[in-house]
Amino acid sequence: MNESRTRVGLFVPGESTGEQTKAREWADRRFRVERVGPADLTDDAPGPDVVWWHCETPPAAVPEGALAALKSTVRAGGRLLLGLRGMAAVPDLGIDPVGPDEAGVAAVEEPTGLLWRSLHADHPAVASFDGLRVRLADDGTAPYARYRDLVPAEGEVLAATVRGDRDRPEETSVVAWHPGDGMVLGVGSPLLFDADLDGRYREARDAFVAGALEWLAGGADGRYARPASGRDFERHRGRLRGDPHRPRYHLSPPANWLNDPNGLVRFGGRYHVFYQYNPGGPYHHSIHWGHATSEDLVHWRDEPVALTPSPDGPDRDGCWSGCAVVEDGIPSVLYTGGRGRDQLPCLARAADDSLRTWTKHADNPVIPAPPEEPDLVGSEHWRAEFRDHAVWRADGTWFHLVGSGVADVGGTALLYTGEALTDWTYRGPILTGDWEGAGPVWECPELLGLGESDLLHVSNYEDVRYFLGEFDGSSFDVERRGLLDHGDFYAPQSMADGDRYLTWGWLPEARDFDAQWDAGWSGTLSVPRVLDVVDGRLRQRPAPELTRLRERRLLDGETPSLSGGERRPLDAGGRRLELSLELSLVDADAAVLSVFASPDRTETTEIRYTRDSRLVVDRSAASEDPRATTNPQSMPVPPADEPLELRVFLDGSTVEIFANERRCLTSRVYPTRADSTGLSLASEGGRATARGLSVWALGDAWPRVDDGPNGACQ
Ligand code: DQQ
């Protein structure tokens, strides 16, 4: 009868319910089962291998003594499966100070279950399933507890929810904890035994619950613990290493979600880059600040998460974008706290020189409400769009820009000044986009003094617009304007580094949610760019340090000349390359550089330089994956009778193009074939030449850590 020798203790602190009785009948057929109550969970009695609390009623209704017994069992190294509403007890059981923010009872109206995270797809409870979506029930009434706006402080999220055909990434349903020597798995998905389930969901339930119990009973498996140290994050990074789309020399998240770069500061001889990070999965939610450091701007190390939302604070729903300043030798960050419908500026100060720990200001937010004038635009989510911070000091005064939008007018950057980072006086907008195409809201405004000009840039939901001109202390006079990048580049931020500024932008994915969930990561930062102004115009160059990534020179200053209609494969290829060349159209209509191309050209990304002075990235054949975006991207370049100097950086799924050190176009593409590594040049409608064509294979920015089946080192 019993297939397993595992001893399962069913924790039933009161009368068994019908559901618990059925669960016991199920368990009896598979395990050695005993019923345990508080009195059985003593330190001196040899306990079962795993305790299962199939908890139907709110755990708060359970006598305190029963919880205390369970708590000491876990502390002493016990293993515990919390089902149905059981996860709601984690704060009282001393497992996690942050408990689920949703609990209740819901009818199962469509097949519902686990949206498992690909990072943990080898977990024994799910390893036998095909795919990451595992439906466990299609009938019944299910008590549940789950995280929605919050994420656990100590637990690692293993799964969210799939309901029917819809993914619900924000409904966290499975969490693993490793308190002390104990192990706990919380499952808020419908695990029902007293319901009329379709056979396939019954089978899935059986395999999952049995797998979960056996995994817990096996003990001592820290593989699914929440990463705490930089080394833990590097192990997560190692798990994704086999993914050919992962950038290797760009600054990317160890796994999960990344968006804007934040709090950029060079401090104590190290470059610190923080970034918007969701530890719960590869989607934008419950934003924390991830952290990476470098000594040389080329090689990076993962650091522990720097800022975490405080469940009782004004940043409960997320620590959104912000900047760093150094005051009296101590870095501080100003960031946007989100809570309910409010977005308000919050302050935190570094509590150690490695910038790993931060102390939040006791009286956050430091600005209690958005200004009443002008009439700021709001949304269904926010009372007023009022977020993102750029702070600098001039003549003893702090200046502070906040991004916003004026209702029925356009995006704006609001100015505050102050004597201290905690004390701000509102001065008004420095510039408002009251012209066609300015965008309704300006996110992430930043103002930099670039010698002969000031530069203001803003992200308007679509593009990053920049303005060169003069800031006179209260308003910005625009002399020239443009786009910082014409492709997949958003919400940049800059770091003062001696007499230069280094700028990183977020390169969002150009593929759908499913593809991002399945990949287990989303988003990367650009390479660092040096911005300055020359002859009144903006110059953008890759940071010179990047040449240290060059591992092998594959082509050395070649000068191919192509006749009309000719295509010439280059004797070089790869997924991580830098190319440098000067293209001339001679009398061609277009010259085309193909990258990430398969030998039969069924997959190819085409960088096309056309006689009408445009550079176009054609993604129509870039990927055989229908989930990838195919629309073209383009930018103006100098007239076709002038040579076009290109530096192109390829890294897994990123193509970053610098044209004549002025304009940039960044593209995300997802070639699927292992042989989509080719490069070629072609000329259309006449002759074209390339001069100084060099190609380098580039190395890794991150330490090589191999951690698991997906992580084979290449
Ligand atoms: N991303 C942040 C916001 C900012 C936006 C939230 C820009 O603070 O406005 O993650 O990408």
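These legends go with a set of close-up views of a predicted model.

View 1. Which ligand atom sits 2.8 Å from an N or O atom in the side chain of aspartate 260? A nitrogen atom does. On the histidine 284 side, an N or O atom of the side chain is 2.8 Å from an oxygen atom of the ligand. Serine 321 uses its backbone instead: one of its backbone N or O atoms lies 3.2 Å from a ligand oxygen. As for cover, the ligand on its own has 310 Å² of accessible area, and the protein covers 95% of that.

**View 2. Helix α3 from end to end.** Helix α3 takes in residues 199-218, 20 residues in total, and goes 28 Å from its first C-alpha to its last, close to the 28 Å expected at 1.5 Å a residue. At the start of α3, look for aspartate 198: one of its side-chain oxygens comes within 3.0 Å of the backbone nitrogen of arginine 200. After the helix comes glycine 219, with a positive phi near 70°. A handy rule when picking out faces of a helix: an α-helix has 3.6 residues a turn, so residues three or four places apart point the same way.

**View 3. An open sheet of 5 strands.** Reading across the sheet, the order is β16-β15-β14-β13-β31, and the pairing is mixed. The edges are β16 (300-307) and β31 (521-522), each of which pairs on one side only. Strand β15 (residues 288-294) runs antiparallel to β16, and 5 bridges join the two. Zoom in on serine 294 and you'll find its bridge partner in β16, tryptophan 300.

View 4. Where does proline 365 sit? Its place is the loop between β20 (358-360) and β21.

**View 5. A positive phi at tyrosine 461.** Tyrosine 461 is not a glycine, yet its phi is positive, about 80°. To find tyrosine 461, go to the loop between β26 (453-459) and β27 (464-471).

**View 6. Stepping back to the domains.** The domain assignment of the protein chain gives domain 1 (7-224), domain 2 (230-243 + 262-542) and domain 3 (547-698). How many Å separate the centres of domain 1 and domain 3? Taken over C-alpha atoms, the separation is 52 Å.

Technical notes. Residues numbered from 1 in each chain as written. Heavy atoms only, no water. Polar contact = N/O pair within 3.5 Å; in protein donor to acceptor, adjacent residues only side chain to side chain. Areas by Shrake-Rupley, 256 points an atom, 1.4 Å probe, with all protein chains shown as cover. Helix = DSSP H or I, 4+ residues; strand = E, 2+ residues; numbered from the N terminus. Expected span 1.5 Å × (residues − 1). Domains from an automatic or database assignment. Pairing = 2+ DSSP bridges.
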